[in-house]
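Please open the model in your viewer and keep a selection panel at hand, as this tour moves from one selection to the next and says what is to be found at each.

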Amino acid sequence: MSKKTDVIEREDVVVRFAGDSGDGMQLTGTLFSDTSAFIGNDLSTFPDYPSEIRAPQGTIGGVSGFQVHFGHKQVNTPGDYADVLVAMNPAALKANSKWVKTGGTIIVDEDSFTDKFLKKAGYETNDPITEDKLDGYNVIKAPISTLTKESLKDVGLDPKSILRSKNMFALGMVYWLFSRPLKYTEQFFEKKFKNKPKVIEANKKVLEAGYHYAETVELLTPTYQISPAEIEKGTYRNIDGNKATAWGFIAAAEKANLKLFCGSYPITPASEILQELSTRRDFGVKTFQAEDEIAGICTALGASFAGSLAVTTTSGPGLALKSEAVGLAVMAELPLVIVDVQRGGPSTGLPTKPEQSDLLQALYGRNGESPVVVMAASTPSNCFKYAFKAAKISVEHMVPVILLTDGFIANGSQPWKIPSMSEYPDIKVPIVSKDEKNWMPYARDPQKLSRTWAIPGTPGFEHRIGGLEKDELKGSVSHDPQNHEKMVNLREEKVQKVKNYIPEQTVDGDEEGDLLVVGWGGTFGHLKTAVDELRKDGFNISLAHFNYIKPLPKNTGEVLSKFKQILVCELNKGQFADYLRMNFPKNEYLKYNKVQGQPFTTIEIKEHIKKLLEG
Amino acid sequence: MAENKNNTDNKLTAKDFKSDQEVRWCPGCGDHAIMAAIQKSLPEMGHPKENFTFISGIGCSSRFPYYMDTYGFHSIHGRAAAIASGTKTSNPELSVWQVTGDGDSLAIGGNHFIHTVRRNIDINIVIFNNEIYGLTKGQYSPTSKLGAKTKTSPYGTIENPFHPGELVIGSQGKFFARSVDNNIKLNQEIFLEAEKHKGTSVVEILQNCVIYNDKTHAVIADKKYKDERQIVLRHGEKMIFGSERNKGIVLDGLKLKVVEIGKDGYTEDDILVHDATEPNPGVHQMLANMRYPEYPVAVGVIRNVESGTYERKMEEQIKQVQEESEYKCVDDLLNSGSTWEVK
C-alpha cells in the first residue's frame with residue numbers, strides 16, 4: 001500500500017456507511033452530512049435500512065446503510081455508486097460492495113472479519129476481497145474495534161458501551177479522509193449527552209482516535225478535497241422530507257389562522273410526521289394518535305368539521321384503510337389533507353423501501369365517483385412547499401387533497417435555504433360570513449365551485465352534512481336521479497377548477513426536441529441529473545417533472561405534444577404513463593419502470609435513454 | 001336554514017331543535033320517543049343552540065342528526081366515535097353527541113368505542129340498543145341474545161352477546177346509564193346527567209324495533225311488569241323496587257341478592273344505597289350485569305365518576321408547552337437548531 005498521500009480536488013463524492021442495524025450507521029451518516037453541510041457543500045442523503053429493528057447480528061438482512069452525496073456543485077441525488085464505503089462487518093461488505101465505484105475505497109473493521117461473521121454473511125472463504133472480486137479496489141483494513149477499546153480503556157465505561165462507539169472511530173477516519181473539522185460533531189456530543197460527561201469524553205476520544213489513526217498511518221490514499229458549493233446566498237439548514245412536511249402544515253395553519261389537527265396512526269415510513277407534529281404543542285398543534293388508520297382520518301375529518309386545518313398521515317396500506325373516509329370527505333366537501341408516504345407494496349410489502357405504486361390508489365382507490373386533488377412532492381425540502389400548497393388548496397377549495405411523498409424523500413435530507421414566511425401567500429378560509437342571509441350549505445363559489453364552511457358554534461348556521469347524496473343547494477338528503485348526476489359532475493368539476501390556481505407545467509431544457517423525459521414525485525433528483533448530463537453530452541432531450549397530478553397543469557397536453565418521443569420514468573409498473581395516456585390519448589408513451597424498492601440510479605436512466613435515442 | 005335567533009336571550013324549547021326534515025322512522029319505532037326526550041332535555045342544558053353537535057354513523061338510529069336543528073354530521077358505518085372525538089378535541093366548547101346503534105357502535109365501530117371511552121373524551125354516546133340490524137332488514141347484532149333467530153341466524157346465534165355496560169366499565173368508563181325508550185321522563189333526567197358529566201358518557205337505551213325484533217325488551221319494558229322487573233337507580237338512594245316498593249338489593253358475600261323487605265330478617269337498613277360516584281367499579285359492574293329473571297334490570301345512572309378529560313388535558317399541555325416555548329412564529333421554527341450562512 002502506498003504511503004504517499006495525494007490530495008485530489010473533486011466536484012463531488014459519494015460515501016456509504018454500512019453496518020449492523022445496531023451499529024449506529026444512520027447517526028454516523030447524519031453527523032457526516034451535517035458537517036459537510038456546515039462547511040458549505042451541497043448534499044443529498046439516502047438512509048437504507050431494514051424493517052426489523054434488530055435483525056440477527058452479522059447477517060445480510062440486518063445491514064443498515066446511509067449514503068451521502070456531497071459536492072461543490074448542486075447535488076440532486078444521493079449518488080448511484082460510492083467512492084468510499086465504510087463496512088463495519090462482513091455482511092455490510094457483502095451487501096454493499098456492488099455499490100462501490102470500480103477502484104473505490106473500502107474501509108473495513110478487520111476485527112469483525114472472523115470466521116463466524118464471514119460465514120454468517122455468506123462468504124465461502126476467509127478472503128472476502130478476492131471472493132467479491134475487489135482486488136483492484138483500495139481496501140483499508142483497520143482494526144477499528146481493537147483501537148476503539150484501546151483508546152477508551154481509561155475512561156471507565158463498560159465494555160458494551162465502549163464497543164458501541166466504534167462507529168465514531170470510523171467517522172473520525174472518514175473526516176480525515178475528506179479534511180473535515182471535528183468540531184460540529186463534538187458540539188453534537190456536548191448537546192446530546194449534556195448530563196453524561198463521561199459519554200461526551202468517550203465519544204470525542206474515539207472520534208479523535210479515528211482521525212489521528214488515519215493521519216498517522218497515512219494509509220488512506222488519496223484524500224479528497226471538496227470545495228464549498230456555489231449555492232445561492234442565504235441561511236441554510238438540513239431538512240428531511242417528513243420534517244419538511246410537518247413544518248409545511250404548521251406554516252399553512254399560521255397563514256390560514258386555523259388550528260392544526262393531525263389524526264394519525266404510526267406507520268413506516270410516515271411516523272416521523274406525526275412525531276414532529278406531536279412535539280409542536282408549542283404551535284398549538286393538536287395531534288391525536290388514533291387506535292387505527294380509520295380513526296386517524298375520521299378524527300381529522302371530525303376536526304375539519306369543527307373548523308381545524310386537518311391532516312392525516314400514512315403510507316400505502318393505511319391509505320387503503322382510510323379510503324371510505326376519504327369518500328366521506330369528498331361527499332361532505334370538507335378540507336382535509338391526506339399524506340401518503342409511499343413504500344413498496346402490495347400489502348405490507350417493503351415497509352422501509354421507496355416506491356411510487358400508490359398513484360392509482362390515490363387517484364381512484366375509493367367506491368363511487370370520488371375525485372380528490374392529488375399532488376406529489378419531489379425533493380426532501382420541497383415537501384414543505386407542497387404540504388403548504390396541499391393545505392392551501394384543500395381549505396380554499398373545500399376539497400380533500402392527497403399529498404404523495406415516498407420513503408426516499410421522506411427519510412432523505414438535503415440543505416434547504418430557509419424561506420421567510422413573508423414569501424408565502426395567505427390562505428383565505430371560506431368561512432361563512434356571520435351576517436349572510438339565506439345561506440345554503442351547498443351553494444357554491446362561482447369560480448372555484450367550492451361551498452362555504454359553517455363551523456359548529458356559529459349561531460344561525462346550524463346544518464347537517466353527511467355521506468348520503470346531498471341536494472345541490474340545501475345539502476339535505478336527496479335520492480333524486482338528476483340531482484345525483486349533477487352532484488357527481490360538480491364534485492369532479494370542482495377538482496378540475498383547481499387547474500386555474502396552480503402553476504403551468506415547466507420543462508427543464510428546451511421546449512421541444514427528440515425526447516421528453518417525464519417523471520413525478522420523488523424521482524426528480526435522479527431524472528434531473530440524468531437529463532442534465534445527457535444534455536451536456538449533446539442529446540436533444542428535456543425533463544417535465546410533475547408535482548400536480550390531479551388536476552394536471554393546464555398546459556400539460558401542449559408540453560407533451562412538442563417532442564418526438566415521450567418516456568415516462570416511474571418506480572412502479574407505469575401508472576402515471578397510463579394516466580397520461582388516458583388524458584392525452586393521441587401521444588405514444590414509452591415507459592421506463594423499476595420496482596425493486598430502490599430509487600433509480602442516474603446511470604441506468606442515462607443508459608436506457610442513450611439506447612433509445614441511439615437505437 | 002333556520003332563522004338567526006339570539007339563543008342566549010330567549011329560552012330555547014324542544015321545538016327549536018326540530019329540523020324541517022320529515023321523520024322517517026317506522027311508526028311505533030322506539031326512536032321517536034328517544035328523540036322526544038333528547039329534544040326536551042337540550043334546552044335545560046344551558047348551552048347556546050349553536051354549540052350542540054350531533055354526530056352519527058350508519059343505521060336507523062344514525063339518521064337522528066337529520067331530524068335535529070343543530071349542527072350535525074351523518075357519517076359512515078362505525079366511525080362516529082372517531083369523528084366525534086376529532087370534533088370535540090378540536091373545539092372543547094361544543095356539546096358533542098354521538099347517536100349510534102348496537103351494530104354501529106359495538107360491531108363495526110367496536111374499536112373506536114372502547115378507545116373513546118378509555119380516553120375519556122367529553123362526548124355523550126347514546127346507544128339505541130334494539131339487538132338487531134334494522135336498516136339492513138333483520139340480521140343479528142353483537143347484542144342479540146344467544147340463540148336469537150334472525151335472517152342470518154335461522155337456527156339461532158351461537159355467539160355470546162356484548163353487554164354495553166360491561167364493555168364500558170371494562171374500558172375504564174366513567175359514566176354509564178341505561179334506560180328504556182318509552183320512559184321519556186327518566187331519559188330526560190339521564191341525558192341531563194350525561195351532559196353534566198365531564199368525560200365520555202355512555203347511555204344505553206333499550207329500544208324496540210317494531211319490524212325486525214318486536215318486543216325484544218318487552219319482558220322487562222312492558223308496563224305490566226316494569227316495576228317488578230326494572231330497578232331505577234338514583235345516586236344516594238336505596239336500591240328499592242317493586243310495585244309495592246318492598247324489594248331491594250343487598251350484598252350477599254361477593255354477590256348482589258334480591259330480598260324482600262321484612263322477610264328472612266331483612267329490613268330497609270340492609271338495602272344498599274346507590275353510590276354512582278364510587279371510583280371502584282366492582283358494584284357498578286354487578287349492577288350493570290343484573291339480568292332478568294334472577295334480578296331486576298338496572299336503569300338510571302349506574303356509574304358517574306369524575307376524572308380528567310382528554311381534550312382538556314390536551315389544552316393544558318398546549319398551554320404549558322407554549323409558556324415555556326421560545327418560538328413565536330413559524331419563522332422562528334424554521335431558523336431553529338443548526339443553521340449556516342452561505343455568503
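Predicted model: local features only at pLDDT ≥ 70, side-chain atom pairs only at ≥ 80, totals over all residues.

Begin with chain B, whose C-alpha trace spans about 95 × 50 × 45 Å along its principal axes, and colour it by secondary structure to bring out its 11 helices and 14 strands. Of the 343 residues in chain B, 48% are buried, and among its contacts with a separation of 6 or more, 68% join residues 24 or more positions apart.

Next, select the interface, where 61 residues of chain A are in contact with 55 residues of chain B. Several elements of chain A each supply at least two residues to this side, including helix 1 (25-38), helix 10 (241-256) and helix 13 (316-332), while helix 12 of chain A gives the most, with nine residues. Coloured by class, the side of chain A that touches chain B shows 29 nonpolar, 18 polar and 14 charged residues.

Staying between the chains, display strand 9 of chain A together with strand 14 (residues 340-342) of chain B, which pair in the antiparallel sense over three bridges; here A:Y236 has B:W340 as its bridge partner.

Finally, select helix 9 (residues 197-217) of chain A, whose 21 residues reach 30 Å from first C-alpha to last, close to the 30 Å expected at 1.5 Å a residue. Its buried residues, among them A:N203, A:L207 and A:Y211, pack against strand 7 (138-142), helix 5 (144-151), helix 7 (166-177) and helix 8 (183-192) of chain A.

Terms used:
Residues numbered from 1 in each chain as written. Chains lettered and ligands numbered in written order. Contact = placed C-beta atoms within 7 Å. Helix = DSSP H or I, 4+ residues; strand = E, 2+ residues; numbered from the N terminus. Nonpolar A, V, L, I, M, F, W, Y, C, P; charged D, E, K, R; others polar. Pairing = 2+ DSSP bridges. Expected span 1.5 Å × (residues − 1). Buried ≥ 20, exposed ≤ 12 C-beta atoms within 10 Å, placed from the backbone.
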